[in-house]
Amino acid sequence: MSAPWEPVIGLEVHCELSTATKLFCGCRNAFGEEPNTDVCPVCLGLPGSLPVLNIRAVEYAMRIGLALNCEVRPSLFHRKNYFYPDMPKDYQISQYDAPINVGGWLELPDGSRVRVERAHMEEDTGKTSHIGGGGRIHDADHALVDYNRAGVPLVEIVSAPDIRSSAQARLYASELRGILVATGASDGRMEEGSMRVDANVSLRPAGTFELGTRCEIKNLNSLRSLGRAIDYEVERQAGLLEAGEKVVQQTRHWNEDEGVTVALRSKEEAFDYRYFPEPDLVPVVPDPAWQAEVAASIGPMPAQRRAKLAGLFGSTEPTPARTDQIATVVEHGLDGLVAAAVVAGVEPGLALARTSNEAAADPVGARRLDPGVYVALLRMEQSGKLSATQAKTVLTEMLENGGDPAEIARRRGFEALEADSLATVVADVVAAHPDEWERYRAGDDKLVGFFTGQVMRATSNRANGKAVAAELSRLRA
Amino acid sequence: MTGAAPGPMARPALDLARGVREGSVSAAEVVERYLGAIGEVDGELHAFVTVLHESARREAAEVDNKVAAGEDPGPLAGVPVAVKDNMCTRGVATTCSSRILDGWCPPYDATVVQRLRAAGAIVIGKTNLDEFAMGSSTENSAFGPTRNPHDPGRVPGGSSGGSAAAVAAGLAPLALGSDTGGSIRQPAALCGVVGMKPTYGTVSRYGLVAFASSLDQIGPLSTTVGESAVVFDVIGGQDPLDSTCLERPVPRSASALDDGVQGLRVGLVTELVDGVDAAVGARVREAAEALAGAGANVEECTIPELRHGLPAYYLLAPAEASSNLSRYDGVRYGLRVDADTAEAMNAATRAAGFGPEVKRRIMLGTYALSAGYYEAYYGQAQKVRTLIIDALATAYQRFDVLLGATTPTTAFALGSKVDDPWAMYLSDVCTVPSNLAGHPAVSIPYGADDSGLPVGVQVLAPALGEPVMFQVAAVVERSAPRLAPPRVRAGTAAS
């Protein structure tokens with residue numbers, strides 16, 4: 001990026017709420033079903049049908065608002081009018097000038113704070129597939145529409161233009177996803193489209209305050225494409241500005257394959273949505289008692305949970321590696337496993353390592369794990385009954401199939417070596433590698449890894465890595 | 001069957017229901033009689049879009065089976081009801097008298113249709129209307145106009161013209177209409193029958209194809225006030241499928257009919273008397289005198305704000321309609337005119353499927369909601385709506401009910417206003433205030449003008465004031481001058 005330009009970025013994040021049913025009817029809110037099976041007169045917009053608000057969706061929207069420090073207000077639904085074949089009524093029921101959540105903020109792990117202007121409710125549209133020809137909108141032979149998604153409840157979270165880099169944008173989206181998952185209101189899966197991000201990007205001369213002309217980038221389906229698209233767009237706009245040209249206010253489409261943004265429509269071509277209050281619905285007025293009830297129902301947010309995990313290591317600032325491990329554990333909602341292990345006397349570093357590496361690699365299996373059984377495994381490793389490699393193998397099997405760690409270890413023949421036979425093996429290995437031993441004696445600690453590897457090979461992974469290191473250290477002393 | 005004899009056709013719906021319940025007449029006989037009447041004269045009137053021969057006979061057999069089994073067949077047992085063709089009937093074409101819904105059969109029944117059937121009523125057919133209920137003469141039907149039974153050269157009013165003509169001509173003892181700006185009361189007045197618009201939110205709109213959602217309300221048309229009260233009691237009440245339905249119970253109306261008007265305060269609204277044709281105004285004043293004679297305290301009052309109702313209505317209703325009618329895009333149901341792109345298909349379908357009045361209102365409404373014009377049009381009209389609500393609230397501090405004409409004129413000649421939309425819109429001037437305020441109102445036949453055309457008198461009440469409104473309407477009805485039977489009616493073709 002060119003030095004004199006400061007990027008100004010705001011994100012609009014749509015997330016699908018994980019309610020059992022749709023926003024205005026009793027149809028199932030499900031992903032991946034046969035097309036047009038979760039539909040009824042209401043979500044198909046048949047003549048004479050009327051929307052009835054799903055109170056659970058309102059509650060989920062409130063959870064999101066409260067988690068983002070918003071003020072929850074009496075709100076109205078409006079109609080946003082435009083023609084599109086996958087929108088059954090050719091208007092979208094959304095919230096306009098009276099959204100349910102306003103004026104919050106989100107604190108990122110790097111300490112920066114991004115303001116949240118609003119988080120409002122609306123209904124999702126159906127999905128159009130272009131068939132035949134090149135399979136794209138302009139050369140397709142025909143199109144098919146699946147209305148299963150039509151009427152699925154969404155919350156759109158609009159940030160203030162407080163973001164200054166693609167890295168910060170990614171951090172915001174990632175932290176927001178963690179919050180959505182933590183509230184239980186959404187599963188935050190970008191790959192399934194249950195969380196979708198649009199980025200508003202503009203540039204201004206560094207050190208100035210007036211906002212430049214922005215472009216809105218759509219079709220950002222992963223954190224990676226969010227970052228890449230912003231970087232591309234910043235370069236593009238900087239190029240224009242430096243050439244003395246103007247940025248044209250546009251909606252642009254991110255082309256993942258070619259790594260470019262392409263103009264979709266300009267401000268002049270923008271729709272006039274003709275918003276007006278939805279006459280088929282009544283105002284939603286979340287009274288203080290209801291708000292308090294919802295607030296009490298949501299657990300601690302990721303930032304608090306990370307702080308709690310960091311606290312296990314005392315007051316010292318965690319290392320970057322440990323910070324990453326903590327973030328991974330929180331992201332996958334596995335804090336409970338770590339906490340249970342530490343309470344049971346497992347060393348926090350070991351608990352965090354196994355949870356963030358092996359357990360988090362299979363988050364579904366990990367969430368099924370019985371904490372007591374998990375703790376039993378970690379204690380076997382800590383006491384030297386299992387080597388690290390053996391413990392990982394047992395854990396992987398537990399994640400896949402469940403089961404008792406002692407039994408799995410027995411079945412696999414993982415009997416830890418007695419201390420005296422381990423000493424014999426270590427002595428043999430040292431004798432077989434005199435050069436390496438000399439270097440180790442001279443203080444090259446990296447060779448612990450080498451010797452441990454040799455001992456592991458000699459014992460078919462039955463040795464405990466820590467015990468090997470202790471024995472080496474004893475021999476050197 | 002002869003027109004002059006007081007045979008079964010002349011009996012009000014409630015007598016029919018009693019006969020069916022007591023077994024003195026079968027529902028099957030009743031249905032055959034009405035199907036015969038429709039076959040006899042509807043070729044001339046064109047009140048019906050669809051006549052449900054088979055399902056009506058099947059429903060009648062079910063009622064008769066219940067009677068035979070000693071089960072309660074309901075308060076409207078065996079009574080045929082004509083349903084305006086903008087209310088959904090499962091498996092039966094629901095056209096809104098528009099080409100754009102060509103071939104569409106709803107997969108569900110409107111809540112009102114379910115409630116009628118649960119009360120033992122039989123849906124005998126679907127009646128003609130101005131396309132999507134937009135009009136005051138039923139001439140805006142894609143299937144051709146309905147004619148007024150009192151003078152087939154004249155309109156029956158609209159948009160529920162088919163329902164009003166059917167009841168007037170004896171083709172159905174009861175009908176349902178929908179009233180957005182007067183579409184039940186105006187045709188009831190022009191056809192010489194009773195037509196009632198309930199308080200907004202007392203009757204479920206689920207299954208009513210929307211015209212203007214904040215104004216639409218379903219209500220009954222009948223020969224007598226008492227029958228409308230019974231139908232209102234049957235179709236009213238909370239519905240979980242309509243969020244705008246009031247949660248509080250709807251007041252029962254049929255029980256207060258004989259309570260008289262002693263001591264009730266009736267406001268004769270100057271704006272609803274002086275601006276109308278002299279013959280109509282004279283009838284309204286007669287009705288006021290009759291109420292005074294029956295013990296009511298009648299006083300003339302003026303509510304100048306009411307004159308702003310019509311322009312406000314003709315911004316708000318088209319604005320909502322422009323959005324409600326967007327879904328007719330050729331993608332999912334009804335008419336589709338193929339074209340190369342989805343946008344072109346949508347435009348071609350709507351160009352071919354909608355009639356001129358519907359297009360006019362979609363354009364008006366789209367304009368009124370457009371960026372830069374919203375505040376000046378839609379926003380301003382909402383303020384006028386509030387003004388009218390406040391003015392009526394003030395009036396109801398002094399009066400229990402208000403009295404006025406239903407329409408400024410009696411039935412006008414077919415074709416006389418089709419080229420002058422504003423003249424046509426003026427037909428609604430006396431009725432729109434109740435829609436804007438969400439209040440109930442009923443039109444009661446009150447004699448005729450010099451040409452023998454029916455005149456309607458309107459009783460207006462505050463929200464949920466149905467019991468007192470019907471109470472006053474019953475007294476108006478008893479004092480009404482006799483109206484000659486319609487020229488076209490069941491029995492006349494054969495005689």
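Axes here are lines fitted to C-alpha atoms, for helices over the stretch in contact, and angles run from 0 to 180 degrees between N-to-C directions. With that in hand, welcome to a predicted model, in which helix α12 (residues 375-398) of chain B lies across β7 (265-269), β8 and β9 (401-405) of chain B, at about 135° to β7(B). Here is a short tour of chain B's sheet and chain A's domains.

**The sheet of chain B**
- Eleven strands build an open sheet with mixed pairing, in the order β1-β3-β2-β4-β6-β5-β10-β11-β9-β7-β8 (chain B).
- At its edges are β1 (48-51) and β8 (297-301) of chain B, each of which pairs on one side only.
- Direction ignored, neighbouring strands of this sheet are turned by 25° against each other on average.
- Six bridges join β4 (residues 174-179) and β6 (residues 217-222) of chain B in the antiparallel sense, and L176(B) stands opposite P220(B) in β6(B).
- Helix α15 (residues 466-479) of chain B lies across β7, β9, β10 (441-448) and β11 (454-460) of chain B, running at about 5° to β10(B).

**Chain A overall**
- Chain A has 16 helices and 14 strands, and 41% of its 477 residues count as buried.
- Its C-alpha atoms fill a box of roughly 85 × 55 × 50 Å along the principal axes.

**Domains of chain A**
- Chain A is divided into domain 1 (5-296), domain 2 (300-411) and domain 3 (419-476).
- The centres of domain 1 and domain 2 of chain A are 35 Å apart, taken over C-alpha atoms.
- Eight residues of domain 1 of chain A are in contact with seven of domain 2 of chain A.
- On the domain 1 side of that contact, helix α2 (residues 166-183) of chain A gives the most, with five residues.
- By class, that side has five nonpolar, one polar and two charged residues.

Key. Residues numbered from 1 in each chain as written. Chains lettered and ligands numbered in written order. Predicted model: local features only at pLDDT ≥ 70, side-chain atom pairs only at ≥ 80, totals over all residues. Helix = DSSP H or I, 4+ residues; strand = E, 2+ residues; numbered from the N terminus. Buried ≥ 20, exposed ≤ 12 C-beta atoms within 10 Å, placed from the backbone. Domains from an automatic or database assignment. Contact = placed C-beta atoms within 7 Å. Nonpolar A, V, L, I, M, F, W, Y, C, P; charged D, E, K, R; others polar. Pairing = 2+ DSSP bridges.
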